[in-house]
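Please read the sequence alongside the model shown below. The text after it goes through confidence, an interface and one residue.

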Amino acid sequence: MLDISILIASVLASSPPILFAVLGETITEKAGVINLSLDGSLLLTALVGFVVALHTGSVLLGFCGAMAVGALIAWMIAFVSLTLHQPQVATGFVLTLLSRDLAYVLGIPYAHVPGPQVSHTPIPGLFDLPIVGPILFDQNPVVYLSLLAICLVWVYMDKTRPGLNLQGLGQRPAAAFVRGVNVTVMRYVYTLVGGALVGLGGASFSLMVKPGWARPYGIEGTGWIALAIVIFGGWQPIRAALGAYFFVALQTAASLLQSVMPNIPTQLFSTLPFPLMILTLLLVTLGNAEWTNRVLNYLPESMRRFLIRTLKALKTVPPASLGTIFRKE
Amino acid sequence: MKVELRGISKHFGPIRANDGVTLSIESGTLHGLLGENGAGKSTLMKILSGFLSPDRGEILLDGKPIHLHSPAQSIAVGVGMLHQDPLDFSALRVIDNFLLGSPESWWLDRHRNRNRLIELASQFDFRLNPDALLSDLSIGERQQLEIIRLLGLGVRVLILDEPTTAISSQQKEKLFETLRRLTEQGKTVIFVSHKLEEVRSLCSKVSVMAHGKITGEVPMPLPTEELVQMMFGQAVMVGKRCAVPLGDPVLELENVTVSDWRLEVKSLSLEVRAGEVIGLAGLEGSGQHLVLKSCAGLQRPSVGHIRIATQEMTGRPYRDFTKAGVAYMPAGRLEEGLIAGMTLIEHAALIDENPRFFVDWAFAAKTAAQRIEAYNIKGQPGTLVEELSGGNQQRTLLALLPSQSRLLLMEHPTRGLDMESTEYIWKLLLNRTQQGTAILFISSDLDELLDRSDRILIFFEGKVRMMETCGTNLLQLGESIGGKGFE
Amino acid sequence: MNNWEIHPSLVLRVFAILLALVFSAFILLILGTSPLDAFALILSGAFGSLAKLAYVMTAWAPLLLCSAGLLVTFAAGVWNIGIEGQIIMGAVFATGLLQLLQDSLSPAAILVLAAFAGLMGGALWGILAGALKLYGNVNEIFGGLGLNFIAGSLTVYLVLGPWKRPGIGSTSGTQPFPPSLWLPAFNGFQVSPIEVLLGLVAMSLVALALRGTHFGLKLRAIGKNLRAAFLKGIPLNQYMLLAFGLCGGLAGLAGWVLVVGTSARHNLFPLISSGYGFLAILVVLLTNLSALWSVPISFFFAVISMGSLQLALQRQLDSSLGGVIQGMLVLLVLVAKGFQSRTLSRRER
């Protein structure tokens, strides 16, 4: 009936947009900066990616263009908050609305216009392996890149010297400063890198997942969820990636459920993954709250211990300096 | 490595934190830097460790002049500082804390560094688990990690800034042993402290600072009296308040134990009566703030009872204390006491004791004007509090205290004020005591403590001693603050 | 503060407005349209006829209500991103009540009750966001967003499920209410004075509350220095929840207006909040939390929003151009503020 490996393969195939965005924002927030413009950014970069690819005929250039625009938006947030000391949330919020509107305005001539897309490239010899084959080796370069990206980001953060510096940077910039990290410069760098990854995500949508442009655009709302997933992921790449996959799985499940229950209208299914994701997030953050500890005290010992362990495993600790301004004292 | 500081001067606005400081520290010695809070020790050490640049003067390391422009560069040159609260990363593991900032190659070699860490630690008999989370370590252990990290980076001059503030006596002994071993290895150690006894027992030579200058440089051992004189000056001050008529008990602490992450004040019992003034003395972080906060209802004691005017208040929230007539004036003027962005009129409106629905701005303006007059504040009712000078902000804090209180709890009430203002403020405070208010205040000004209090509670590492002011002189007070009589 | 310091602020802001217009003109040129033509179209789209002006006024009302509410939450130092969900819940509650009492009472009574229902619905949603933040330790941005999503899904469910139109359930919304349940309008000028009046009254009350009551004073104290406010005995949680509730209530009223207002579609449909909440955040950011300026600026934004609808109808441009102008304005003013405070702090040193 339902081939599980095909299902997983399709989840993987739909996930690059949100995956790249989540990875990018994890890096940015790890450095201590919030890029609230994700939702609008994804839209605008998707459009730019498509338009550039259309005009140059090269999908690769499309991706590059999208990454450049993503980095530009991120640069604006970095500049206004790190150099001009204005609140990050305000700038990010304005930019998310602005980018979205800009995308729709500039996108008119391109609605429903067919354009280039990423081509399906199964890896010879490996794609017909049982189970693993269709999932990992029967995809397109963007999906391969997304898998690679997770590994790269994880390796960077956990196994390299600059990655370790990044971990310290967002947590305690003063201590990182003492250890030779140029806090402001690195924050700029990581914000730009995060923005470029968001651009990659946007282009993945318009050139692969659902090629083309339309109004309203299918990727709306994804950016906001990505922000939530970064929290769910505890600002760690692997866990965040799992969160992204979980969300895409929810979406896939929703559309599957839809075909099984045709009397229930489609729109309900497409909106359902969003609140479900948020509820999951609540569960994760609730472990931090003070009153949960008090409530737990009323429970019998064994249950309490189990709950505490589960909550502790789910518990996430934000980079302490998120959103704050670093001043050398 | 020999360290020389020549003519170092640094000022912050009108305050001269360091005024032509010249100091020479021989290689392989344990040199103490002694002085009160505000004497200029931390500024000097911040300059030496690269955090600040001096306005004038130069630093020489092994005879070569050097310009230190960042903490990381200082470490690279061989000068490292261990802060009171070590600048480390609580969310990371010990091994990662050790690694962060070291000039490793791109790829982290945790395996090799794990061994290095264990080896360095064993040299000093430290027991550190590389895979433990830093947040699970005690402060003493975090210090140990920071020391071997700095040593691992090739530091030859180690500055320790008040290192014994929050560690157990066992860890302290171990620390001292470590420091002695370091000097045997030829490293230079600068021990910054305000604790007389420790400096005496540990250091071979001591420099004393006061008011931004070096007031003395002496080899150890040296009688405490001379050290105290160098720290606090020659003023011969004797306590004056004797035989003051007192009223009913206002505050009772019964066997109170209160603690925070750093230290614990155990089993304190105290009775304060109406009209009494009690000064809380002691070097920063000795427990006075903890006790004052618990009297205000901001810190719950783990053991014991607090009573305000015979009413049981233990464990009740801050608002109940306020309603019971306790007024608390915090130390951080703009952080905790005043609201930046609001004018004096708005602050006056906020303390309206009988607020109706609408703000009576005319009344608030009148109150503001009255208080400005009464407390001699240089400002207009419409001035924003952040535009006032520090001294005037302090006066504003005092002016905003409720007009009638049973108990006034103040942290450094006259900090930043000149002689005249201090005199004036105390006159007003004395009026209150004559109306029955009891006052508990923290101060680091020994003259003020001797002059104004009936009794002084001296804090040292969480232990408390009571002293009657009448007849006590400055030397005795200074010695006690430095730790004498607390064994 | 001497006179010289007021001027740069004004100059910078005028400069920002001009720059925003220039940028928009640039965009239009890229798209191959004459900027002057487009701007003229926007203006005519707003002021061209009495009917069009009515639309602008109708857009103005919810903006006024939401901006007023946001002034309260911003005073307390919180970002109420959940305002969109609060509008939606207000609309849901209002619709629910209207459906319930449709044939029972006099229309005027029903409308008033529906207003209260809307207010309650929005307030409830707001308090929920506040409670999540204060007791659940959930960042207010995510709590708000989450509740927005939930409100959105709830609406879809209602519109396609229990409240669906008889026969064909579609996302165009519920069964529209009969004209008796619309807000009364002038003859020929399709705008109900009630909507705009409500908005203006709300704005005035909020301004009065913030500046003239102890509640407002204490709320502002919380927003400026949480710790000091606590030490002064202000009950933090109570006041913050109240702020969330007030903003939610006003947003809920906006939701009610969006259902029963004269130029409304008179039913509940998904995304009924139409981005008014977020737009109000932009208004309030632009006016730097000034109630006085929020009145004309929200009108200005309503003009742009409604006027740019013409662009879609007549020139095949996307109405989002209005959003571009509005967004650019706020962004540039933020930048201007940043430069201004930088030069000021440089001068102090």
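Two residues are taken to be in contact if their C-beta atoms, placed from the backbone, lie within 7 Å. By that criterion, 15 residues of chain A are in contact with 15 residues of chain B. On the side of chain A that touches chain B, the helices α8 (161–171) and α9 (173–178) each supply at least two residues. The most is given by α8(A), with 6 residues. By residue class, this side of chain A divides into 5 nonpolar, 6 polar and 4 charged residues.

The model is predicted, and the predictor's scores for the complex are an ipTM of 0.88 and a pTM of 0.86. For chain C, the mean pLDDT is 86, and 94% of the residues of chain C reach 70 or more.

Within chain C, consider Val196(C), which lies in helix α7 (residues 193–212). Is Val196(C) buried, partly exposed or exposed? A residue counts as buried with 20 or more other C-beta atoms within 10 Å of its own, and as exposed with 12 or fewer. Val196(C) has 18 C-beta neighbours inside 10 Å and therefore counts as partly exposed.

Which residues does Val196(C) contact, leaving aside its neighbours within four places in sequence? They are Met57(C), Trp60(C) and Ala61(C). Leu63(C) is 133 residues from Val196(C) along the chain, and the C-alpha atoms of the two are separated by 9.7 Å.

Conventions
Residues are numbered from 1 along each chain as its sequence is written. Chains are lettered from A and ligands numbered from 1 in the order in which they are written. This is a predicted model: local features need pLDDT of at least 70, side-chain atom pairs count only at pLDDT 80 or more; totals for chains, interfaces and linings use all residues. Helices (H or I, at least four residues) and strands (E, at least two) are DSSP runs, numbered from the N terminus. Ala, Val, Leu, Ile, Met, Phe, Trp, Tyr, Cys and Pro count as nonpolar, Asp, Glu, Lys and Arg as charged, and the others, Gly among them, as polar. pLDDT is the predictor's confidence in each residue, from 0 to 100.
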